[in-house]
Amino acid sequence: MEPKVIFNHHLKNVKPSVVGKFLEIANEYKEIISLSVGEPDFQTPWHIRQAGIEALEQGKTFYSPVRGLLALRQEISDYMHKRFDVLYQPKTEILVTVGSSEAIEMAYRTLLNPGDEVLIVQPSYLVYEPMVYMAGAVPIIIETFEKDGFRLKPEQLREKITSKTRLLILPYPCNPTGAIMEKEDLEAIAEVIRETDMLVLSDEIYAELNYSDISHVSIASIEGMRQRTIVTSGFSKAFAMTGWRIGYACAPEEIILAMTKYHQYAIMCAPTVSQFAAIEALKNGAGDILAMRNEYNMRRRYIVDRLLKMGLSCYEPKGAFYVFPNISSTGLSSEDFCERLLKQKQVAVIPGNAFGQCGEGFIRISYSFSLKHIIEATNRMEEFIQELSQG
Amino acid sequence: MDDVLKLLKQNARMSFGEMAVLLGKEESEVAKTVEKLEKDGVIKGYQAIVNYEKLPHIPVFALIECKVMPKAEYGFQEIADRVMALDEVESVYLMAGNYDLAVFVKGNTMQEVANFVAKRLSTLDSILSTSTRFVLQRYKQDGVIIDEKEVRDPRNMVL
């Protein structure tokens, strides 16, 4: 008898990413200048790499405890307390994961049942929605707008809440818009959330990349929110540690316990060597964050200035390392714009609709590239826009 | 001030306007900062970083390590003054260690540098001995890698 491959039926609801299609086109060109990558251009700071090397030298190559090294959980606890004023018990309320991606997935897997509704703020990281389908739940999209600085408004949230709503995904600082939610914004939505029994998954992976005068505020620090919030974060963006695959979730004990159960069976533990490097990052990496943030900030200012001079409307991003200009004035769709920019000028940026339908009319530009590289790419973009307007 | 200095160290030809954009400051504020840096002597000047290998005639560079007898009252200052006044000399540093003055010299030929050492430098009163080291290759100079290779971006497009 012939084998029969039957795929998981949730998979069929998952559409292939616009990014994938776009990358295929991009791969046809050799001399591409890319402003499309979503990871830091910096190498992991040397002292952090050294901690990884030492761990290897000392033969620390075994599984770690399921929840992660206690010393690391202690550092995460101290860090969350000092930076964001929210206290998590290292032994019971923190889970170390394989990047923050795993933390998000574990939260979905343990908190969602078929038919549950998950509110997803868009434009946002393109992983949230398909993974909700994979968990058998129903994504409900809340669209945010340029005029609101891509912030989530309490009335928008209230409108979408039903008896089936289980979870709100709060993606701030936001990839791709660069939007942040300040304390007042969070208080306003917390007021709505506290009237319900729903939970919040706050993806705070870009928390350290905040360019406003006040630093990032975690929704878990807002009154009555800690008990209903899962904070996911990691080392990839703040410490330029993407390849180390190390992240974490902080949440009330019963949620971490359930996530740990799943994590134990599915993953076992996060990479041990990376965990030793992560301890060093939290102990002595504050200066590295500052230096990288300053560098990103200069590029951010430069790129926004250039885009405005090109005549594009552009919300001034306050976080992450992306700019999300409005290109609708060119009369092109996001995908047409990106495809033509790629073909005519060999510059790669990502179409905004990759991050949700409401991202149509926008493009995502990453500034995790050297200033020299950004200058060349924006020069080419400027030529492209000029040629467009000349027909 | 440090921000402005850092940008000028990277590219001294950057305009006040460009620096103002990068630093989120007013152009006039940047101009004022630079003016102050110049006036206070923090910025001593602006020079091109030259890759001499690309010139039709490549000059010869040497480091001359000098042992010096310091003079009462003047210490090393007097000899340093005399050495730095010589046209061939590009830089002079007082060093800690086995010798006292590090003298960087530029000449047209090895012979020219050798003559300079024999006739002008080693003949100065307080110079006890010299040891001449010729530069064979410049890899990095003033923080700039001379023959920088294009490095491929190691990042993959994931999502």
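Analyst: In chain B, strand β1 (residues 60-68) and strand β3 (residues 101-107) pair in the antiparallel sense over seven bridges; strands are DSSP runs of E of at least two residues, numbered from the N terminus, and two strands pair if DSSP finds at least two bridges between them. This is a predicted model, in which local features need pLDDT of at least 70, side-chain atom pairs count only at pLDDT 80 or more, and totals for chains, interfaces and linings use all residues. Residues are numbered from 1 along each chain as its sequence is written, and chains are lettered from A and ligands numbered from 1 in the order in which they are written.

B:C66 has B:L101 as its bridge partner in β3(B). Strand β2 (residues 89-94) of chain B also runs antiparallel to β3(B), joined to it by five bridges, and B:S91 is partnered there with B:F104. Six residues lie between the strands of the β2(B)-β3(B) hairpin, where B:G97 takes a positive phi near 130 degrees.

Seven residues of chain B are in contact (C-beta atoms, placed from the backbone, within 7 Å) with 12 residues of chain A. On the chain B side, five are nonpolar, one is polar and one is charged, where Ala, Val, Leu, Ile, Met, Phe, Trp, Tyr, Cys and Pro count as nonpolar, Asp, Glu, Lys and Arg as charged, and the others, Gly among them, as polar.

Notes. Contact = placed C-beta atoms within 7 Å. Helix = DSSP H or I, 4+ residues; strand = E, 2+ residues; numbered from the N terminus.
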